[in-house]
Amino acid sequence: MPAFSQLELPYDLYTDEDIARRVVYVEASRGCPYTCEFCLSALEIPVRQAPLETFLAAMESLLERGCRQFKFVDRTFNLNLRVSQAILEFFLERFEPGLFLHFEMIPDRLPESLRSLIARFPAGALQFEVGVQTFNDDVCELISRRQDTDKLADNFRFLRERTGVHIHADLIVGLPGETAESFAAGFDLLVVLRRPESQVGILKRLRGTPIVRHDIAWEMRYSPHPPYEVLQTRTIPFDEMQRLRRFARFWDLIANSGNFLESTPLLWTTGSPFQQFDALCDWLYQTEGRKHGIPLSRLVERLFQYLTEALRLEPSRVAQTLWRDYQRGGRSDVPFCLRPYP
């Protein structure tokens, strides 16, 4: 496996059209030091770092050519604090309106040296993809995932309260040892810790990953067809897994799509966000009879119906909130259910 110092960085190959029309993918490191058993990155050890001066010179060249959208594909951008701090300082010194930086971050590693830099970026300039996966410490131990839940929670609070960072967090359904109840508790905690967007994914058996060592002890059963999603475990039977899969689908359709930023929190004005959204999922599936192919205008109609009839929220308030969400995407047509409300 060649060291980064032996490779020629390829960023000059991006064309002017690429830079003008695309998010440019870059990497300052390869590999991952963690051994999470569900992830292919766990097989790529050790982490190899690109020579910092050479890498920053390449970023300077991209900036000079007009590039403003950078997506770092490093699996653990904030692993090497000296390097991650230098990269953030580099972009902060050259910041111009329109600059956007995406990083994949370790959720429990955010010391003050990084916090102070992150807080200086304007709102919307930074996006962090944070793989939480589970808040269950016993599950983390089972799958060889090192994660300090208390530090993670504190970091999310800091990002929410003191920065303008957009956070994308992931949770996984079906990890060995996870129950529906422990997943629900973790989901509720994530909702409390941050503003959406959160992705709920179903565990997949990726070829070569050591997650298969749990197949017998935890009675893991996977689909024989790609993407090889888990069908049931010892702690989550098939019917419950199907319900959670439906939950993940509707969460993606409603909360994670960005189409209902203001409307989604109305679903859990009291009680557990998981239970409240799960109740919507049951109602929506019974009402529509499907999980896919529901047009946006139809979703607006159904959410208005559910919020006003099932949750008994004030119709005018619901209509105004749904209308603000609907307009956010540049739409001018008015869904039928909202027409009676100014």
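Trainee: Which residues lie nearest the centre of the largest pocket?
Mentor: Keep in mind that this is a predicted model. The largest pocket has a volume of about 890 Å³, and its lining counts 37 residues. Nearest its centre lie Phe 38, Arg 75, Gln 133, Asp 170 and Ile 172.

Trainee: How many residues of that lining are nonpolar, polar and charged?
Mentor: Sort the lining of the largest pocket by class, with Gly counted as polar. The lining then has eleven charged, nine polar and 17 nonpolar residues.

Trainee: Which helix supplies at least two residues of the lining?
Mentor: Go through the elements that each give at least two residues to the lining of the largest pocket. Strands β5 (100-105), β6 (126-133), β7 (166-173) and β8 (198-202) are on the list. The helix listed with them is α8 (238-254).

Trainee: Good, let's turn to β5. Why is β5 described as largely enclosed by the rest of the structure?
Mentor: Look at the two faces in turn, taking buried as under 20% relative accessible area. On one side Phe 100, His 102 and Glu 104 are buried, and on the other Leu 101, Phe 103 and Met 105 are buried too. β5 is therefore largely enclosed, its buried residues being six of six.

Trainee: Which residue of β6 stands opposite His 102?
Mentor: Start on the β4 side, where three bridges join β4 (residues 69-72) to β5 in parallel. There Gln 69 has Phe 100 as its bridge partner, and Lys 71 stands opposite His 102. β5 also pairs with β6, again in the parallel sense, over five bridges. In β6, the residue opposite His 102 is Gln 127.

Trainee: What is the handedness of the β-α-β unit made by β5, helix α4 and β6?
Mentor: Follow the chain from β5 through helix α4 (residues 112-118) to β6. With the strands pointing away from you, a clockwise path over the helix counts as right-handed. This unit is right-handed.

Trainee: Which strands are at the edges of the sheet?
Mentor: Six strands form an open sheet with parallel pairing, in the order β1-β4-β5-β6-β7-β8. An edge strand here pairs on one side only. The edge strands are β1 (24-26) and β8.

Trainee: By how many degrees are neighbouring strands of this sheet turned against each other on average?
Mentor: Take the neighbouring strands of the sheet and ignore their direction. The average turn is 20 degrees.

Note on methods: Residues are numbered from 1 along each chain as its sequence is written. This is a predicted model: local features need pLDDT of at least 70, side-chain atom pairs count only at pLDDT 80 or more; totals for chains, interfaces and linings use all residues. Side-chain values use heavy atoms; hydrogens and water are left out. On a 1 Å grid over the protein atoms alone, a cavity is a set of points where a 1.4 Å probe fits but cannot get out, and a pocket is an open set with protein on both sides within 12 Å along at least five of seven lines; lining residues have an atom within 4 Å of a point. Grid points are joined across faces, edges and corners, and a volume is the space filled by probe spheres set on the points. Helices (H or I, at least four residues) and strands (E, at least two) are DSSP runs, numbered from the N terminus. Buried means under 20% relative accessible area, exposed over 50%, partly exposed in between (1.4 Å probe, protein chains only). Two strands pair if DSSP finds at least two bridges between them. Axes are lines fitted to C-alpha atoms, for helices over the stretch in contact, and angles run from 0 to 180 degrees between N-to-C directions.
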